[in-house]
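This briefing concerns a single structure, shown below. The points that follow are grouped by topic.

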Amino acid sequence: MAAAVLKRCVTSVVKVKCLSPLISARRWLLSAAYTDTKVWEATEKDPQNLALLASVMDRTYDRNLPVSSLTVSRFVDNISSKEEVDQAEYYLYKFRHSPNCWYLRDWTIHSWIRQCLKYGAREKAMHTLKNKVQYGIFPDDFTFNLLIDSYIKDGDFKSACSVVEEVMLQEAFDLPSTQILSLYALGSYLATRPQLTVSEERALGASLLICGLKQDDTVGLSALLLGNALLGKVEISKGIHAVFKGMPLFWARGYLGNALAIMERVAAASGDVKLSKGTLDDVNDLLQKLAPTSESDSSGEESGDEEDKKEDTLDEDDQAEQAKLPQYASRFKELSIQLESQGKLDSASFQALVTALAQQNLAAAEKPDLEQYESRLLAWEAEKRQLIQREKEMRAKAEQEKEERLAAKAAAQQA
């Protein structure tokens with residue numbers, strides 16, 4: 001009996017020990033203080049009847065007149081259910097296609113993402129973000145962080161990477177916290193070994209490359225290596241035009257050559273900078289997949305959309321780059337051996353490296369973000385008060401002009 005009880009106790013301890021990393025994982029994602037809505041909800045509110053606001057906007061649009069950014073802001077701020085999120089999406093779209101489209105306020109965009117997260121309509125936030133040109137949703141770094149973190153905490157790394165792609169397209173990797181969250185999302189998603197379309201390879205490659213430029217260490221250089229390699233795969237498969245279309249990248253050929261240049265840079269460096277062994281393995285797998293298909297259908301994968309299927313035509317320069325593949329593969333093997341002999345390969349996987357980066361640095365990166373956020377809220381409130389005051393003055397002026405017109409009309413009738 002005692003032996004059986006002891007066995008159960010030991011088993012329980014082992015189970016707790018095995019689960020503890022999963023339980024503590026959330027600690028090094030964004031803290032409760034960072035994602036807490038109390039600071040946002042404590043800002044000055046302007047309570048409104050949404051049905052009345054919607055009616056006013058509909059009548060205004062029917063008369064081909066512009067709706068003010070303040071009216072749209074009030075509607076978004078007063079959302080109180082998921083159904084009202086759907087209504088707000090419609091008016092964001094209408095506003096974007098109106099003469100006042102350039103004046104959608106930053107706080108309205110932030111409030112929209114907050115409300116979507118609050119009322120379980122995160123898919124609406126993602127839809128408007130992916131269709132930003134149609135809705136005008138261009139979030140700031142802090143707002144991006146909230147959305148990325150929400151997907152990471154749910155284990156939905158693919159969607160988190162979709163948000164990171166939007167960060168990349170806006171070139172908004174300025175905050176260290178955004179860099180860390182983005183690299184963690186990218187590393188975690190790639191660790192699942194997904195079957196990537198050409199569009200996904202291009203997006204992930206560009207995200208890794210641009211974000212990796214912000215980190216001058218093993219993580220950053222490994223991200224640069226993998227990012228260049230993924231873009232190089234697209235270049236060899238589909239041509240350089242497929243790489244640059246819609247991407248904030250320099251127009252220059254030879255992305256696989258750039259990946260090798262990262263390896264040469266690390267080999268020549270005198271410091272303690274290394275490359276992830278797992279990342280080199282990924283690049284090696286990538287080169288092996290390219291080799292047998294470089295002369296025929298280069299990718300061997302379904303592109304997933306019509307845009308990619310149109311990029312199959314390779315010009316002479318693309319074919320010249322494709323012909324360098326054996327040379328790239330040979331040089332890669334040489335550099336891999338050199339790096340290993342120099343002790344410049346980190347045995348940790350890229351996912352392990354970005355996980356360690358998040359554990360060590362994310363908490364410290366939050367403090368300046370929160371301070372900046374509080375200052376930004378104060379600035380937004382001040383700007384909102386100015387708009388409200390201006391609105392009151394314009395209404396008073398319009399009312400005065402109306403009274404003057406009525407008085408003039410009455411005087412004319414008496415005469």
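Which residues do ring pairs link into a cluster? Tyr-34, Phe-142 and Tyr-373 are joined in this way; rings of Phe, Tyr and Trp (its six-membered ring) pair if their centres lie within 6.5 Å, and planes under 30 degrees apart count as stacked, over 60 as edge-to-face and the rest as tilted. The model is predicted: local features need pLDDT of at least 70 and side-chain atom pairs count only at pLDDT 80 or more, while totals for chains, interfaces and linings use all residues. Residues are numbered from 1 along each chain as its sequence is written, and side-chain values use heavy atoms, with hydrogens and water left out.

**Aromatic pairs**

- The structure contains nine aromatic pairs.
- In one of them, Phe-75 and Tyr-91 have ring centres 5.3 Å apart and planes at 55°, so the pair is tilted.
- This pair links distant parts of the chain, with Phe-75 in helix α5 (residues 69-77) and Tyr-91 in helix α6 (residues 82-96), 16 residues apart; helices are DSSP runs (H or I, at least four residues), numbered from the N terminus.
- Phe-75 has a relative accessible area of 1% and is therefore buried, where buried means under 20% relative accessible area, exposed over 50% and partly exposed in between (1.4 Å probe, protein chains only).
- Tyr-91 is buried at a relative accessible area of 7%.
- Phe-244 and Tyr-255 form a tilted pair, 6.1 Å centre to centre with 55° between the planes.
- Phe-244 lies in helix α15 (residues 240-244) and Tyr-255 in helix α16 (residues 255-268), eleven residues apart.
- Both Phe-244 and Tyr-255 are buried.

**Packing of helices α8 and α10**

- The axes of α8 (residues 122-130) and α10 (residues 141-153) come within 12 Å and cross at roughly 130°; axes are lines fitted to C-alpha atoms over the stretch in contact, and angles run from 0 to 180 degrees between N-to-C directions.
- Arg-122, Ala-125, Met-126 and Leu-129 of α8 are in contact (heavy atoms within 4.5 Å) with Phe-144, Leu-147, Ser-150 and Tyr-151 of α10.

- Cys-116 is part of helix α7 (residues 106-118).
- Its relative accessibility is 0%, so Cys-116 counts as buried.
- Leaving aside residues up to four places away in sequence, Cys-116 touches Val-85, Ala-121, Arg-122, Lys-124 and Ala-125.
- A distance of 9.3 Å separates the C-alpha atoms of Cys-116 and Ile-79, which are 37 residues apart along the chain.

Technical notes:
Helices (H or I, at least four residues) and strands (E, at least two) are DSSP runs, numbered from the N terminus.
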